[in-house]
Amino acid sequence: MKITPLNAPFGVEFSDFDVREMTDEDMAIVQTEQNKHGVIFFRDQNLTPDEHIRFAKRWGEIVINRFFERVPGYEEIAQVRKEPQHERVVGEDWHTDHSYDEAPARGSILYAREVPSSGGDTLFANMYLAYEALSDGLKDTLAGLKAWHSSRHVFSKEAIDATRSNEDRFQNHGQAVQDSLHPVVITHPLSGRKSLYVNPDFTRQFDGWTLEESRPLLEYLYNHVQQDQFIARFKWRTDSIAFWDNRATWHQAQNDYPNQRRLMHRITLEGVRLTA
């Protein structure tokens, strides 16, 4: 197993290593690196859908995404695709997966099936580092806050119709009814580190505040997180895997490959309720 740091403030790549042959000792090493960095990567894997599922189940139970189309014959695997005719890509806004659930997703395992000839990178933001860089005064203010996260304004039929034309990649719009309350600053359940837990896509407002009152502080936090010192870029190749922790990172898919196809398979792992 070879572990190479990214040319970035965080993140490591595993190479010369087949995830299908992962031992318990290997798992401990991988988990340590993910707890440290929030996201890890594997190169040159060659997985069937069944092997992808088996790898994911070694880390926990799989949660079925309600809104993404599924890989035919594999309900556990969400299909994340962009066809040449699509103007938008799935996940092009900064977010963390399933923050609208009462027990947000532990992690996501994204496997590259087809990638464009250029472009299509994914950016990650480290929410440990972003939190640690805040002033003590702002940390004190955020420590007492909770925020509402929702799926309604993203995955409902009204939201899809308002933002995307000819959209054929989402389903079950009537199930976009989740509203969940989480601490703004969480204690990560595995690493024990403090992490900032709001995101531009799903966070709506602070508990007890109006949308208008919440917007300036949320926008300040979003702009803070997007500084270069908290960002890592991953350049995809076919058969690469990104395995991120949704409690410690944001991610954003780059929409810079017009008229090309990109196909990814994603499995998401169940999490636990979050605490401050």
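**View 1. Strand β9 (residues 146-150) and strand β10 pair in the antiparallel sense over five bridges.** Strands are DSSP runs of E with at least two residues, numbered from the N terminus, and two of them pair if DSSP finds at least two bridges between them. His 149 has Ser 180 in β10 as its bridge partner. This is a predicted model, in which local features need pLDDT of at least 70 and side-chain atom pairs count only at pLDDT 80 or more, whereas totals for chains, interfaces and linings use all residues. Residues are numbered from 1 along each chain as its sequence is written, and side-chain values use heavy atoms, with hydrogens and water left out.

**View 2. An open, antiparallel sheet of three strands runs in the order β10-β9-β13.** Because β10 (179-183) and β13 (203-206) stand at the edges with a single partner strand each, one side of each is left without a neighbour in the sheet.

**View 3. Arg 261 and Glu 83 form a salt bridge, with their closest N and O atoms 2.8 Å apart.** A salt bridge here is a side-chain nitrogen of Lys or Arg within 4 Å of a carboxyl oxygen of Asp or Glu. Arg 261 lies in the loop between β16 (249-253) and β17 (262-269) and Glu 83 in the loop between β6 (74-82) and β7 (107-114), so the pair ties together parts that are 178 residues apart in sequence. Glu 83 is buried at 12% relative accessibility, while Arg 261 is partly exposed at 29% (buried is under 20% relative accessible area, exposed over 50%, partly exposed in between; 1.4 Å probe, protein chains only).

Technical notes:
Helices (H or I, at least four residues) and strands (E, at least two) are DSSP runs, numbered from the N terminus.
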